[in-house]
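This report covers aromatic pairs and charges placed over rings. Please read it beside the model.

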Amino acid sequence: MYHAVGHRPAAAAYGLSVSPGAFRAQMEILAGRGFTPLTTAALGEGWRCGRPLPSRPVLITFDDGYEGVHRHALPVLAEHGFAATVFVSTGWLRGAYDEGGAPDTMLDWGQVRELAAAGVEIGGHSHTHPQLDQLDDARLRAETVRCREIIAGELGGRPASFAYPYGYSSRRVRQAVRAAGFAQSLAVGNALAHRRQGPYALERMTVRRSTGTAEFARLVEGRAVARTFAVDRTLTKGFAVVRGVRRARRRFGGSVASSGGASGASSGGASGASSGGASGPA
């Protein structure tokens with residue numbers, strides 16, 4: 001899972017960004033090793049219908065909707081004929097629905113339409129990028145439904161796929177995403193995606209500024225995944241406890257020493273070139 005692609009991203013986006021040169025090298029690794037990128041919708045439909053997947057399937061996903069995806073990533077994807085999915089937070093994109101608060105320069109709707117016309121799947125990533133598992137039912141519904149309605153209105157077709165901001169979800173969040181009309185959703189997880197995870201908790205792996213070429217090659221082959229993301233997984237468990245306590249306090253209106261879980265800061269692909277995490281906009 002990717003976020004920003006750029007030479008000099010803003011400080012808030014830097015850690016989860018990649019340089020244009022690194023992105024090109026990573027796509028060359030996928031091409032050279034015979035991977036077949038799919039959209040998230042194609043993967044979900046294939047698994048639902050029991051259709052065989054192509055050889056060495058992989059998801060290339062981008063969260064949030066940074067402008068550099070259009071400027072730097074799209075030409076490289078086009079060179080290789082690679083499918084990809086961009087998950088947009090509609091209230092962060094430049095244009096009529098901009099709510100402010102975006103961490104860097106984001107796509108505008110003309111660029112989103114150009115991405116879609118080039119075959120890139122456009123998915124939902126909420127409207128204002130909150131931690132969805134911390135919202136009450138009304139705002140949770142508003143974040144998912146408004147996101148889907150805006151994308152449908154701008155592109156002329158309803159988005160099929162969703163990615164949880166920060167990777168955080170819970171059973172209630174997953175039910176809300178399904179009720180909003182999305183057919184599948186991605187978390188972070190920092191693991192390979194498997195059918196047994198279910199269509200609303202598919203995992204991805206994070207690609208960061210610090211991800212070297214050799215590490216990327218190991219990860220897409222499924223090697224040393226647990227060791228690479230050991231710290232991330234420990235932090236995810238801690239964040240889950242903290243978020244559970246916060247939810248319990250809001251629900252019961254007091255000091256409740258209780259913990260509850262979300263599905264964590266989790267990301268992944270079919271063999272996933274995918275990036276996200278709990279430490280920044282995801």
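Y164 is buried, with a relative accessibility of 0%. Buried means under 20% relative accessible area, exposed over 50%, and partly exposed in between (1.4 Å probe, protein chains only). F162 is also buried, at a relative accessible area of 0%. F162 and Y164 form an edge-to-face aromatic pair.

The model is predicted: local features need pLDDT of at least 70, side-chain atom pairs count only at pLDDT 80 or more, and totals for chains, interfaces and linings use all residues. Residues are numbered from 1 along each chain as its sequence is written, and side-chain values use heavy atoms, with hydrogens and water left out.

A search of the whole structure finds seven aromatic pairs. Rings of Phe, Tyr and Trp (its six-membered ring) pair if their centres lie within 6.5 Å; planes under 30 degrees apart count as stacked, over 60 as edge-to-face and the rest as tilted. Among the pairs are these two:

| Pair | Centre to centre | Angle between planes |
|---|---|---|
| Y2 and F23 | 5.1 Å | 75° |
| F162 and Y164 | 5.9 Å | 65° |

The Y2 and F23 planes are at 75°, so this pair is edge-to-face. Y2 lies in the segment before α1 (11-14) and F23 in helix α2 (residues 20-32), so the pair ties together parts 21 residues apart in sequence. Helices are DSSP runs (H or I, at least four residues), numbered from the N terminus. Both Y2 and F23 are buried. Y2, F23 and F62 form one aromatic cluster.

Charges also sit over rings. The criterion is NZ of Lys or CZ of Arg within 6 Å of the ring centre and within 35 degrees of the ring normal. The charged end of R56 sits over the ring of F35, 4.2 Å from its centre. R148 lies over the face of F182, 5.5 Å from the ring centre.

Note on methods. Helices (H or I, at least four residues) and strands (E, at least two) are DSSP runs, numbered from the N terminus.
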